[in-house]
Amino acid sequence: MRVVSLVPSLTEAVARSAPGTLVGVTDWCTRPPGLDAVRVGGTKTPDTGRILSLTPDLVIANEEENREPDLAALRAAGVEVLVTEVREVPQAFRELARVLDACGVAARPRWLDEAEDTWSSLPRPASRLTAVVPVWRRPWMVLGRDTFAGDVLARLGVDHVYARHPERYPRVPLEELRARAPDVVVLPDEPYRFTAQDGPEAFPGLPCALVSGRHLTWYGPSLAEAPRVLGRALRAARP
């Protein structure tokens with residue numbers, strides 16, 4: 001089986017579950033470290049010619065991360081393309097199982113069972129926090145409706161204030177974000193790399209939680225430790 005992955009989190013899942021299957025991955029596929037596969041460009045700027053030169057049996061993609069024209073070009077060239085949709089945690093487990101099955105993984109991997117058990121046994125949050133969750137700046141963009149990251153946070157007791165916005169990733173002026181006065185501002189390190197020096201200064205007087213983007217937005221092996229890692233970061237912001 002020869003697989004090209006255009007989704008970093010799915011790259012990690014396939015590499016861990018079916019070593020040697022991946023022949024091509026994006027420039028943003030950083031896990032597992034030292035992955036031996038041809039780089040085929042960005043998630044939104046893949047080199048379709050390079051992908052086709054790898055003669056894949058399957059290309060795995062995601063409806064949010066990848067562009068339909070690129071996927072259509074691959075299909076037109078005769079390549080099978082599996083497109084995932086992941087907007088909530090239970091859906092992530094279903095889609096992961098579907099991807100691994102398509103990649104020829106015969107037995108359900110242990111990490112997937114462990115991750116699903118972790119999320120299904122989460123205790124009910126003792127209290128809830130409101131949050132603003134920027135994912136970009138210049139311009140400022142935040143989590144809106146119907147997002148996987150938003151569902152992750154909600155299950156951890158964090159309700160982001162734009163969860164009912166008509167857009168999934170709305171652009172919102174910084175002044176409006178500040179005026180919302182959330183309990184916490186959640187700043188992931190991807191897709192925009194917020195750091196202690198780049199992000200918190202925009203929200204004076206508001207607690208800011210610097211969190212791992214991999215644990216907030218990826219669906220794969222990182223799901224098993226995501227509640228613990230994210231919970232620790234959220235608690236650190238509100239001592």
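Modeller: In this model, helices (H or I, at least four residues) and strands (E, at least two) are DSSP runs numbered from the N terminus, and Arg138 lies in the loop between strands β7 and β8. This is a predicted model, in which local features need pLDDT of at least 70 and side-chain atom pairs count only at pLDDT 80 or more, while totals for chains, interfaces and linings use all residues. Residues are numbered from 1 along each chain as its sequence is written, and side-chain values use heavy atoms, with hydrogens and water left out.

Biologist: What makes Arg138 an exposed residue?

Modeller: Buried means under 20% relative accessible area, exposed means over 50%, and partly exposed lies in between, with a 1.4 Å probe and protein chains only. Arg138 has a relative accessible area of 62%, so Arg138 counts as exposed. Arg138 also has a positive phi of about 60°, although Arg138 is not a glycine. A cis peptide bond, with omega about 5°, joins Arg138 to Pro139, and Pro139 is placed in the loop between β7 (134-136) and β8 (141-142).

Biologist: Where else is a peptide bond cis?

Modeller: The bond from Glu190 to Pro191 is cis, with omega near 5°, and Pro191 is found in the loop between β10 (184-188) and β11 (208-211). Ala181 has its place in the loop between α7 (174-179) and β10.

Biologist: How do you know whether Ser9 and Asp113 are buried, exposed or partly exposed?

Modeller: Ser9, which lies in helix α1, has 2% relative accessibility, and since that value is under the limit for buried residues, Ser9 counts as buried. Asp113, in helix α5 (residues 110-120), has 33% relative accessibility, a value between the two limits, and therefore counts as partly exposed.

Biologist: Which residues does Ser9 touch?

Modeller: Contact means heavy atoms within 4.5 Å. Not counting residues up to four places away in sequence, Ser9 touches Trp218, Tyr219 and Gly220.

Biologist: What makes a set of residues a nonpolar core, and which members of the largest one touch the most others?

Modeller: A nonpolar core is a set of buried Ala, Val, Leu, Ile, Met, Phe, Trp, Tyr and Cys residues joined through side-chain atoms within 4.5 Å. The largest such core has 50 residues, and those touching the most other members are Ile60, Phe148, Leu216, Tyr219 and Leu223. Helix α4 (residues 89-102) gives the most to this core, with six residues. A second, separate core has 15 residues, among them Val132, Val172, Phe203 and Leu206.

Biologist: Why is Leu223 called buried?

Modeller: The relative accessible area of Leu223 is 0%, which is under the limit for that class, so Leu223 is buried. Leu223 is placed in the loop between α8 (213-217) and α9 (226-237). Leaving aside neighbours within four places in sequence, the contacts of Leu223 include Ala92, Phe93 and Leu96, and also Ala115. The C-alpha atoms of Leu223 and Ala115 are separated by 5.5 Å, although these residues are 108 residues apart along the chain.

Biologist: Why is α1 described as oblique to α4?

Modeller: Axes are lines fitted to C-alpha atoms, for helices over the stretch in contact, and angles run from 0 to 180 degrees between N-to-C directions. Helix α1 (residues 8-17) and α4 pack at an angle of about 50°, with their axes 10 Å apart. That makes α1 oblique to α4, because angles under 35 degrees count as roughly parallel, over 145 as roughly antiparallel, 65 to 115 as roughly perpendicular and the rest as oblique. Here Leu10, Ala13, Val14 and Ser17 in α1 meet Leu96, Val99 and Leu100 in α4. By class, this contact has six nonpolar, one polar and no charged residues, where Ala, Val, Leu, Ile, Met, Phe, Trp, Tyr, Cys and Pro count as nonpolar, Asp, Glu, Lys and Arg as charged, and the others, Gly among them, as polar.
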